[in-house]
Amino acid sequence: MMKHKKQLISFADDQTLGFVLLHPHGGDDVLETYPIQDFLEDERLAIKQSDEMAKAIYHVLVVPDYWVGNRLDAFQSSKKSVIAAFIERKIGQNLSDLPHASDFYGYTLVHDSDQRSELYTCYLQEPIVYQLHRRLETLGIQPRRITTPAFLWHDRLSGIIDGFDQKGIGLLHQVGTKCFLYLFFRRQFLFSRTIQLSETGQGTDEAIQLLNYEINQSLYHYSQKTKSAVDELFFFGLDSQAAPRLSEALGKEVQELVGLSADDGLESAEIPASCRSFSADELAHVDPLSITHKPLAQELFWKPVQWAGIAIGLLLVLLLSAESAILHAWTTATHQEIKEINSRSDQPPAMVFQETSMALGEIRQAFERPTAGNAMLQTLLAVPDGIIIDTIALDVSTATPLSIRADVHANGPDTFRTRLRSFLSGLNERLSPTGGTLNEKDVRITIDRSVGKTKHPVYRIEVNLGISS
């Protein structure tokens, strides 16, 4: 959905606040630019929100680097709740005069040269940025993220410079008569400097000397903070001779930043000089190391869940409504059929009850009839060792529907009698004969004295019994 919506970007500095509308298919429009103090202090100054601006997503507010502070702490845990509690406590201690400071921060977990875990935190440290956020909030618009030119360069350089996360990197960005120096240590932004060149001194020895002095001062401060030197220095700007002249003045190679064009960025004069080299697409995809307003971030996080709950609730309402309509229609049709049957019935009530009773009796008899599968299973479960079933026949049309023929192997009359009694006992227990308990007198017995069976004859038995189910 966000890919098809326009995005609102705003730029703030010490002098102005400007709004730019980015279109989803390319292009941008500068909407309004206000003096920053007038915007903050004059309640009569109302922001001119067009329909397009009201429907756009307020994606990011870009503020000067020095409005944002940062710190690096040794930290072992990776749990978000522990990290959040630690950051909010530290910010609350350091910025006690800004009561809402603990609601504005961003962080990332990094590792030092010994692979020990460290927590890099960025936060808002200037009172003016809190005034600006409150003013935007009263006007009904809040930026989803707050970032700086340094963070934008952080995102860009991490994809261009090899080993950016392991080196000390310095970048000098020249825009007209302004030069912006950004210093990074193992991918993390440390600080920046803004160097103002004179209108007549641009590209002259005087400008190079000024840059040489400011860069050396910044490199000294960098070495004090990191206990190491900058590994590589880069230059980005329209002056192609600046890099070699700076290399000669500094006594350290200054490389031209390749892979980028100084003409690809936004060209509007209302956009701060430090941000003009960034395209609309880069501004719309801010590096995760930006600052978020914690309550707004939680609201945006839970918003999809809330929409999903609403959608599921509506779906359940539709399903229950459809079920209710179907049941109502079915009940109405059933009552109508019963009514029609009753109206067409010419038989007296006694005859109807008698026919119903007979039908129920037939149904009961059908349920009480023995089943072949159950009779066979119960018979087989009643067979003891030494008896082999020859035939099981079930005829539900007679009083004694079950007929069993079997061979009893025994080495004498006593063994035969024992096995026969065990078999009859199992049949009585499992089949519950309708004619009463089976006894030996209910069994027809014959002896097979064929060749080879004279020593241990085979007793053939036949049992007929009635079963009810």
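Contact here means heavy atoms within 4.5 Å. All the views below come from a predicted model.

**View 1. Ser10 and the residues around it.**
Start with Ser10, which is in strand β1, the run from residue 7 to residue 12. With a relative accessible area of 0%, Ser10 is buried. Leave aside residues up to four places away in sequence, and Ser10 touches Leu17, Gly18 and Phe19, along with Tyr58, Val60, Leu61 and Val62.

Searching the whole structure turns up 13 aromatic pairs. One of them joins Tyr66 and Trp67: the ring centres are 6.4 Å apart and the planes sit at 85°, so this pair goes down as edge-to-face. The cut-off for that label is planes over 60 degrees apart. Tyr66 is partly exposed, at 42% relative accessible area. Trp67, on the other hand, has 0% relative accessibility and therefore counts as buried.

**View 2. Phe151 and Phe189, a pair across the chain.**
Here's another edge-to-face pair, with the rings of Phe151 and Phe189 centred 6.2 Å apart and their planes at 85°. This pair ties together distant parts of the chain, since Phe151 belongs to helix α5 (residues 149-157) and Phe189 to strand β11 (residues 188-196), 38 residues apart. Phe151 and Phe189 are both buried.

**View 3. Two arginines over aromatic rings.**
Arg135 has its charged end over the ring of Phe39, 5.5 Å from the ring centre. Arg156 does likewise with Trp153, its charged end sitting over that ring at 4.8 Å from the centre.

Now for the outside of the model. Ile312 is part of helix α9, which covers residues 294-344. Is Ile312 buried or exposed? Its relative accessibility is 52%, so Ile312 counts as exposed, the cut-off being over 50%.

Methods
Residues numbered from 1 in each chain as written. Predicted model: local features only at pLDDT ≥ 70, side-chain atom pairs only at ≥ 80, totals over all residues. Heavy atoms only, no water. Helix = DSSP H or I, 4+ residues; strand = E, 2+ residues; numbered from the N terminus. Buried < 20%, exposed > 50% of the residue type's maximum accessible area, 1.4 Å probe, protein only. Phe/Tyr/Trp six-rings, centres within 6.5 Å; stacked < 30°, edge-to-face > 60°. Lys NZ or Arg CZ within 6 Å of the ring centre and 35° of its normal.
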